[in-house]
Amino acid sequence: MAPAVRSIKRKDAINWPRMSTTFWAVLLLTALLIVYCGQLAAGTCEIVTLDRDSSQPRRTIARQTARCACKKGQIAGTTRARPACVDARIVKTKQWCDMVPCLEDEGCDLLVNKSGWTCTQPSGRVKTTTVS
């Protein structure tokens with residue numbers, strides 16, 4: 001014969017409040033939403049940091065860091081002066097102008113050593129971007 005199960009009440013035990021199943025469902029959905037919103041959708045990028053240095057006359061140095069969630073065969077790059085996922089072949093061959101990094105009215109030219117590109121505006125202003 002099996003021994004009888006006895007319920008032992010401890011004085012130092014913490015009694016958890018009883019919660020309805022609706023409460024737990026809402027709590028679970030809230031946690032999932034928080035986790036999901038912290039991740040980027042595939043093929044998208046967001047700017048994490050943007051630093052500008054205008055200490056030199058007639059020159060502004062801008063550095064930005066982007067976080068990207070690229071699809072297979074893609075890598076973080078720049079399209080229309082914004083971070084974007086681009087074909088990995090472009091980065092591997094350093095053909096930067098193939099990713100269309102400049103704005104619509106700007107012309108793109110590769111730097112001589114292929115370390116970046118320049119975007120030339122119709123007014124003659126030049127923006128140089130180097131890849132590190």
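**Figure 1. Salt bridges in a predicted model.** The structure holds 3 salt bridges. A salt bridge here is a side-chain nitrogen of Lys or Arg within 4 Å of a carboxyl oxygen of Asp or Glu. Side chains of opposite charge can pair when their charged atoms come close. This is a predicted model, in which local features need pLDDT of at least 70 and side-chain atom pairs count only at pLDDT 80 or more, while totals for chains, interfaces and linings use all residues. Residues are numbered from 1 along each chain as its sequence is written, and side-chain values use heavy atoms, with hydrogens and water left out.

**Figure 2. Asp87, Arg89 and Asp98 form a network of salt bridges.** Asp87 pairs with Arg89, and their closest N and O atoms are 3.4 Å apart. Asp98 also forms a salt bridge with Arg89, with the closest N and O atoms 3.9 Å apart. Asp98 counts as partly exposed at 45%. Buried means under 20% relative accessible area, exposed means over 50%, and partly exposed lies in between (1.4 Å probe, protein chains only).

**Figure 3. Glu106 and Lys127 meet in a salt bridge.** The N to O distance is 3.0 Å. This pair links distant parts of the chain, 21 residues apart. Glu106 sits in the loop between helix H2 (88-93) and S5, and Lys127 sits in strand S7. Helices (H or I, at least four residues) and strands (E, at least two) are DSSP runs, numbered from the N terminus. Glu106 is buried, with a relative accessible area of 10%. Lys127 is partly exposed, at 28%.

**Figure 4. An open sheet has 3 strands in the order S5-S6-S7.** The pairing is antiparallel. Strands S5 (107-110) and S7 (126-130) stand at the edges with a single partner strand each, so one side of each has no neighbour in the sheet. Neighbouring strands are turned by 20° against each other on average, direction ignored. For such angles, axes are lines fitted to C-alpha atoms, for helices over the stretch in contact, and angles run from 0 to 180 degrees between N-to-C directions. How many bridges join S6 and S7? Strand S6 (residues 116-120) pairs with S7 over 5 bridges. Two strands pair if DSSP finds at least two bridges between them. Cys119 stands opposite Lys127 in S7.

**Figure 5. The largest pocket has a volume of about 1,600 Å³.** Of its 37 lining residues, the closest to the centre are Ala62, Gln64, Thr128, Thr129 and Thr130. Elements giving two or more residues to the lining include strand S1 (44-53), strand S2 (61-69) and S7. S2 supplies the largest share, 7 residues. A pocket is an open set of points on a 1 Å grid over the protein atoms alone, where a 1.4 Å probe fits, with protein on both sides within 12 Å along at least five of seven lines; lining residues have an atom within 4 Å of a point. The volume is the space filled by probe spheres set on the points.

**Figure 6. Two lysines have positive phi.** Phi of Lys94 is near 60°, a positive value in a residue other than glycine. Lys94 lies in the loop between H2 and S5 and is partly exposed, at 40% relative accessible area. Lys114 has a positive phi of about 60°, although it is not a glycine. Lys114 lies in the loop between S5 and S6 and is partly exposed, at 32%.
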